[in-house]
Amino acid sequence: LKLKAKVVVLSSCGDGGTIQDSVPPLILPSAFLRAGASSVLMQIKSVPQQASLTFYHHFYVALWYGSLVSYAVEYAKHQMQNDARFGRYWCSFVLLGLDTFVSLQDIKHDMLHQAMENAEQEVAEQDKKDWLNPAPYAPPVPDREDLLLQIQKSIEELLVNQGSMSAVLKLLHMLMSEACRRLSDTNAD
């Protein structure tokens, strides 16, 4: 097992009862460190669930914009010491390994970027199309016959709807008829 994790968090919630073994088990944290994790955060004593949630809330708040892991642990411990409900539980959390810089916001952005790339690759493989960079749209170009029919329909609509301007319409009809005749003659060549 190879890990590229900067920090592994081993969290367990308990009722704050008695401890069965006076020595905390270090097998699991050691395995993570040997596998490549830079540091491991763990609880060495059982704490009430609300105390654990309070600690991790402050820990992750400190890591959101970027911080050394040791600073985030110390910040969370300090917040617990200042809380009358959980002041005695701050010493239950221990950081093992190297101190590294972690920014949860950067990790979130990297994960979203990777997810977008994976989704784009999946769609491209399914359809063999590049959906995010499509080819420019080129509307179909009508041929001369279609253009002549469009001109003819437009002139007919003008004659029907604008009968009161007969002199202008007659001139327009003559010009359009001549244009259609010329288009037809070049089309025949």
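Two strands pair if DSSP finds at least two bridges between them. This rule comes into use below, where Val-7 is placed opposite Ser-39 in strand 2.

**Overview**

The structure is a predicted model. Its secondary structure amounts to six helices and five strands. Read from the N terminus, the elements follow one another as β-α-β-α-β-α-β-β-α-α-α. The protein has 189 residues, and 21% of them are buried. Among contacts with a separation of 6 or more, 71% are between residues 24 or more positions apart.

How confident is the prediction on average, in terms of pLDDT? The mean pLDDT of the protein is 79, and 81% of the residues score at least 70. Confidence is highest in strand 3 (residues 67–68), at 92. It is lowest in helix 6 (residues 166–188), where the mean is 70. Where pLDDT is low, the predicted coordinates should not be read in detail.

**The sheet**

Strands of a sheet pair through backbone hydrogen bonds, either parallel or antiparallel. In this model, an open sheet is formed by three strands in the order 1-2-4, with mixed pairing. Strand 1 (7–10) and strand 4 (93–97) are its edge strands, and each of them pairs on one side only. From one strand to the next, the twist averages 20°.

The two pairings can be taken in turn. Strand 1 and strand 2 run parallel and are joined by four bridges. In this pairing, Val-7 stands opposite Ser-39 of strand 2. Strand 2 (residues 39–43) pairs with strand 4 in the antiparallel sense, over five bridges. Here Ser-39 stands opposite Gly-97 in strand 4, and Met-42 has Val-94 of strand 4 as its bridge partner.

Is strand 2 enclosed or open to the outside? Five of its five residues are buried, so strand 2 is largely enclosed by the rest of the structure. The burial applies to both faces: Ser-39, Leu-41 and Gln-43 are buried on one side, and Val-40 and Met-42 on the other.

**The helices across the sheet**

Which strands does helix 2 lie across? Helix 2 (residues 49–64) lies across strand 1, strand 2 and strand 4, and runs at about 155° to strand 2. Helix 3 (residues 69–81) also lies across strand 1, strand 2 and strand 4, and its direction is at about 170° to strand 4.

Helix 2 consists of 16 residues. Its first and last C-alpha atoms are 22 Å apart, close to the 22 Å expected at 1.5 Å a residue. The buried residues of the helix are Ala-51, Ser-52, Thr-54, Phe-55, Tyr-56, His-58, Phe-59, Ala-62 and Leu-63. After helix 2 comes Gly-66, which has a positive phi near 115°.

Val-61 is also part of helix 2. Its relative accessible area is 41%, so Val-61 is partly exposed. Val-61 is 14 residues from Tyr-75 in sequence, and their C-alpha atoms are 9.5 Å apart in space.

**Aromatic rings**

Rings of Phe, Tyr and Trp count as a pair if their centres lie within 6.5 Å. The count by this rule is eight aromatic pairs. One of them joins Phe-55 and Phe-93: the ring centres are 3.7 Å apart and the planes are at 5°, so this pair is stacked. The two residues come from distant parts of the chain, with Phe-55 in helix 2 and Phe-93 in strand 4, 38 residues apart.

A further pair is made by Phe-59 and Tyr-60. Their ring centres are 5.1 Å apart and their planes are at 65°, so the pair is edge-to-face. The stacked label needs planes under 30 degrees apart, and the edge-to-face label needs planes over 60.

Which residues do the ring pairs link into a cluster? The cluster holds Phe-55, Tyr-56, Phe-59, Tyr-60 and Phe-93.

| Residue | Relative accessible area | State |
|---|---|---|
| Phe-55 | 0% | buried |
| Phe-93 | 0% | buried |
| Phe-59 | 0% | buried |
| Tyr-60 | 36% | partly exposed |

Tyr-56 is also among the buried residues of helix 2.

How values were computed:
Residues numbered from 1 in each chain as written. Predicted model: local features only at pLDDT ≥ 70, side-chain atom pairs only at ≥ 80, totals over all residues. Heavy atoms only, no water. Axes fitted to C-alpha atoms, helices over the stretch in contact; angles between N-to-C directions. Contact = heavy atoms within 4.5 Å. Phe/Tyr/Trp six-rings, centres within 6.5 Å; stacked < 30°, edge-to-face > 60°. Buried < 20%, exposed > 50% of the residue type's maximum accessible area, 1.4 Å probe, protein only. pLDDT = per-residue confidence, 0-100. Expected span 1.5 Å × (residues − 1).
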